[in-house]
Amino acid sequence: MKTLKYGFYGEDDAQKIFLTNYLKQLSQVKFELDEEFCNRFRARNKKQVDEKFREVSEQGLLWYQHDVFFVGRDLDSHSSNDYELKFEWFRQRSSHSPKILFMIPVQCIEHWLWYLKVKQDNPHSTKNETLETKPRYDAKTAVYGIPEAVNAISNPTVDHLTRHFDIDWLDSRSKSFRHFHKQIQSFLENKLD
């Protein structure tokens, strides 16, 4: 099985944990996180992601020889127009490299996690409720039990929810996850051809 080394630059641990566990579930290749790189280049907030992602991703691809690079940034909005604008904003500033992929959850990563929690808590439910228009406060409270969780609380919760999840089910619920998942699929199709 082919191994692809990857870098990540995003605004929090929850995004990195989600990404790591998601990639482990893909069967076409084995993804290997460059931990040294991620420990050296850490964003503290979305402003740093916006300001430094191009420089950091280029260093990852050129100097660290990453096969693919992921940028994680919460959208902080549920507007599809805002989503398109932010994605295009990143794409325009990324030197159009097909090796840079963008993970932009609508509002915040906790909305993707909230979908997973609903599925985990109600495995046989067929209800298709839109969660991404609900406030961030509600998403974080639903996922962590409190609106602002420190990493000691949030990281194990994120790991638990994402260790094994139905990718196709989440794809059917969240447009922003679907867009991210399609980027991965397209990248893998081109990489493995």
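**View 1. Salt bridges across the whole structure.** A search of the whole structure turns up 14 salt bridges, each being a side-chain nitrogen of Lys or Arg within 4 Å of a carboxyl oxygen of Asp or Glu. This is a predicted model, where local features need pLDDT of at least 70, side-chain atom pairs count only at pLDDT 80 or more, and totals for chains, interfaces and linings use all residues. Residues are numbered from 1 along each chain as its sequence is written, and side-chain values use heavy atoms, with hydrogens and water left out.

**View 2. The E51 and K47 pair in helix α3.** Here the side chains of E51 and K47 form a salt bridge, 3.8 Å from N to O. Both belong to helix α3 (residues 46-62) and sit four residues apart, about one turn of the helix; helices are DSSP runs (H or I, at least four residues), numbered from the N terminus. E51 is exposed at 54% relative accessibility, and K47 is exposed at 54% as well (buried is under 20% relative accessible area, exposed over 50%, partly exposed in between, with a 1.4 Å probe and protein chains only).

**View 3. The salt bridge of R178 and D171.** Look for the closest N and O atoms of this pair, 3.7 Å apart. R178 is partly exposed at 24%, whereas D171 is buried at 17% relative accessibility. Elsewhere, salt bridges with shared partners link K46, D50, R73, D76, K86 and R136 into one network.

**View 4. The salt bridge of D76 and R73.** In this pair the closest N and O atoms are 3.8 Å apart. D76 is partly exposed at 29% relative accessibility, while R73 is buried, with a relative accessible area of 7%.

Conventions
Helices (H or I, at least four residues) and strands (E, at least two) are DSSP runs, numbered from the N terminus.
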